[in-house]
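Thanks for making time this morning. I would like to go through one model with you, from its overall layout to a few of its helix contacts.

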Amino acid sequence: MRDSPFSHAVLEQIARYIQQAHRVAVITHERPDADALGSSLGLAHALRRLGKEATVFLFDPVPFGLDFLPGLDLIVADLPGPKTDLIIAVDAGEPSQIGSRLYDAILRLGVPLIVVDHHESNTGYGTLSAVFPQKASTAEVVLMLIQMLGVPIDRAVATCLLAGIVFDTRAFATPDTGPETLQAAALLMESGGSLYEVMTAYRGQHPLKALRLWGQALTRMETRDGVAWTFVSREMYRATGTTMEDTEGLANFILDAADVRISVVFRERPEGGMIRVSARAKPGINLVPLARSFPTGGGHKMAVGFEAEPPLDEAIRTTLARLEALRRSGQLDDF
Ligand SMILES: [Mn+2]
């Protein structure tokens, strides 16, 4: 699939905005993954090489296993100051994913908001929006932008972007991994990025306590017609000494089972409130309509996230009922 020339024109426009800016705030979605963090840091490194004052604004801690990314000192847990003249949001499909505290502060600044993303469900928010749903990672879009800016790619940029590519493609294993994904990765390796270091981090994403939590969740798993679902309760976090972060990857792990076509993981938040739901699907199935049927849903065809009303059993019932209704009306493509 080819990227539209329209998106390329927008990227060129974005490059011009960047050239004129002095103080750039880079932001991303809450609970950032490797693509969100790698794209943010990679872009911030490149902007600094361009002579810009670039900072990554993020309230969440760096996730387990991602502290090898170069430039964590570019991250500030604060709101961008009044001298900021450009905001760039990476890997965030919609404002709600950025979090209202940061997003409201940005709106108040009244400076251009640039969006660089690859989520199919991107709502098109922002002053300028470059969304490439064909790209396997936002890191690849950031790489195009950096090349357009003519910034040399150094080891720091390369490692950050390589991390985004490797984690979002599950180590080059997703169907959207194309020759251009590998070309981007090769270019980043040539620029000093260590694939070994990134792969080691990819394999080492989970501490032992996370595996104990997964074990509890897998024991409680239920299945029907190719759909496998399970849940993580507050009690399970307590028993294993884990947090919600330790559930990352569980839905993909279940989906890998040969006879599973859709996996769904329901998670209570340790602090209570809405139930976080992650759903994954095999190629050909489109879960976006399911996500969209919930207020804060979004993602890609094969990977979505949304929130459902508590309690857990109610969230499970509602979600499975909607999945069934959407399946009957043929809205999930090949499911
Ligand atoms: Mn991504």
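The centres of domain 1 and domain 2, taken over C-alpha atoms, are separated by 27 Å. This is a predicted model, in which local features need pLDDT of at least 70 and side-chain atom pairs count only at pLDDT 80 or more, whereas totals for chains, interfaces and linings use all residues. Residues are numbered from 1 along each chain as its sequence is written. Domain 1 covers 5–203 and domain 2 covers 208–328, with bounds that come from an automatic or database domain assignment.

Let me turn to helix packing. Helices are DSSP runs of H or I with at least four residues, strands are runs of E with at least two, and both are numbered from the N terminus. Helix H6 (residues 155–168) packs against helix H8 (residues 195–203) at an angle of about 45°, and their axes are 9 Å apart; axes are lines fitted to C-alpha atoms, for helices over the stretch in contact, and angles run from 0 to 180 degrees between N-to-C directions. That angle makes H6 oblique to H8, since angles under 35 degrees count as roughly parallel, over 145 as roughly antiparallel, 65 to 115 as roughly perpendicular and the rest as oblique. The H6 residues involved include Leu162 and Val166, which belong to the set that meets H8 residues including Val198 and Tyr202. By class, this contact of H6 with H8 has nine nonpolar, one polar and one charged residues.

H6 also has a contact with helix H2 (residues 34–49), and here the axes come within 8 Å and cross at roughly 160°, which makes H2 roughly antiparallel to H6. Among the residues that meet there are Gly38, Leu41 and Gly42 in H2, and Cys160, Leu161 and Gly164 in H6. The classes in the contact of H2 with H6 are nine nonpolar, five polar and two charged residues.

Finally, the sheet: six strands form an open sheet with mixed pairing, in the order E7-E8-E9-E10-E12-E11, where strands pair if DSSP finds at least two bridges between them. Strand E8 (residues 227–232) runs parallel to strand E9 (residues 262–267), joined by six bridges.

Notes. Two residues are in contact if their C-beta atoms, placed from the backbone, lie within 7 Å. Ala, Val, Leu, Ile, Met, Phe, Trp, Tyr, Cys and Pro count as nonpolar, Asp, Glu, Lys and Arg as charged, and the others, Gly among them, as polar.
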